[in-house]
Amino acid sequence: MSIVVTGATGHLGRLVVAALLADGVPADEIAIVVRNEEKAAGLVARGVELRVADYGRPETLADAFRAGDRVLVISGSEVGQRVPQHTAVIDAARAADVAQLAYTGILGGPDADLQLAAEHKATERLILDSELPYTFLRNGWYTENYTGNLAPVLEHDAVVAAAGEGRIASATRADYAAAAAAVLTGEGHLDKAYELSGDTAWSLSEYAAELSRQTGRTIAYNNVPAETLLGILTGAGVPEPMASLLVDVDQGIRRGLLAGTTGDLARLTGRPTTPLAETIAEALKG
């Protein structure tokens with residue numbers, strides 16, 4: 001039996017592996033499923049087992065899992081292709097008779113009212129239909145979705161969005177990774193769903209104010225209509241389907257869909273979630 005992390009070379013996957021190792025899981029009890037062996041070299045050097053497979057090539061998944069494995073399926077990055085890709089992963093996990101299938105979905109689960117949620121909701125239904133023991137990790141927004149893209153904000157001294165004064169209970173990828181590690185190593189998490197979010201919700205005007213405080217500059221929050229933001233994003237080269245998803249997220253924030261502070265994330269990790277100010281400070285260090 002191994003703890004298996006799929007998508008382990010991505011931003012979140014690497015942090016999950018790091019969290020497992022930090023929690024004392026022996027490296028030889030961790031397996032990573034990746035599609036690019038070269039990108040996994042650093043993880044393999046730490047002693048974890050490598051299993052090469054691709055969500056988009058179902059035939060490669062036959063040897064990705066073993067009976068009794070505890071598996072974390074990190075949702076695919078190809079929006080629009082996730083359902084068939086996740087179906088292939090779930091089918092392979094069921095054929096292998098894994099002991100746990102944890103999945104990184106979206107805050108709100110079946111009630112999530114965002115375009116981005118559709119594939120996550122479909123995946124949860126597929127997992128339930130598989131009758132595998134599951135854990136749903138319904139991740140809220142990542143703080144890095146903002147702090148990881150500071151260049152245009154600092155260039156124009158403005159945060160531009162269409163979210164109004166809606167609030168965002170974000171947490172860092174490391175926070176979510178620690179929660180994933182906890183459910184993969186702990187007991188009592190089977191057939192449960194966790195609504196994961198930060199301890200404190202903040203607005204984009206507060207985000208701009210904190211950026212101003214830390215940079216010593218005046219950074220404004222420009223709240224624009226949805227159609228204006230769509231034009232800005234597509235004009236900057238964002239493909240229209242992705243731009244529409246991002247605008248829809250902002251409209252969801254405006255409606256309070258990412259504001260929930262359930263406390264599940266802090267309870268799973270045993271510590272408070274990372275404050276916004278701390279994440280901004282790290283990002284500004286470069």
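In this predicted model, Tyr-207, Glu-210, Leu-211, Gln-214 and Thr-215 of α8 meet Leu-276, Ala-277, Ile-280, Ala-281 and Leu-284 of α12, where contact means heavy atoms within 4.5 Å. Sorted by class, this contact has seven nonpolar, two polar and one charged residues. Here Ala, Val, Leu, Ile, Met, Phe, Trp, Tyr, Cys and Pro count as nonpolar, Asp, Glu, Lys and Arg as charged, and the others, Gly among them, as polar.

| Pair | Angle | Axis separation |
|---|---|---|
| α8 and α12 (residues 276-285) | about 50° | 10 Å |

The axes are lines fitted to C-alpha atoms over the stretch in contact, with angles from 0 to 180 degrees between N-to-C directions. That angle makes α8 oblique to α12; oblique covers what is left after under 35 degrees (roughly parallel), over 145 (roughly antiparallel) and 65 to 115 (roughly perpendicular).

Gly-216 follows α8, with a positive phi near 75°.

Residues are numbered from 1 along each chain as its sequence is written. Local features need pLDDT of at least 70, side-chain atom pairs count only at pLDDT 80 or more, totals for chains, interfaces and linings use all residues, and side-chain values use heavy atoms, leaving out hydrogens and water.

Technical notes:
Helix = DSSP H or I, 4+ residues; strand = E, 2+ residues; numbered from the N terminus.
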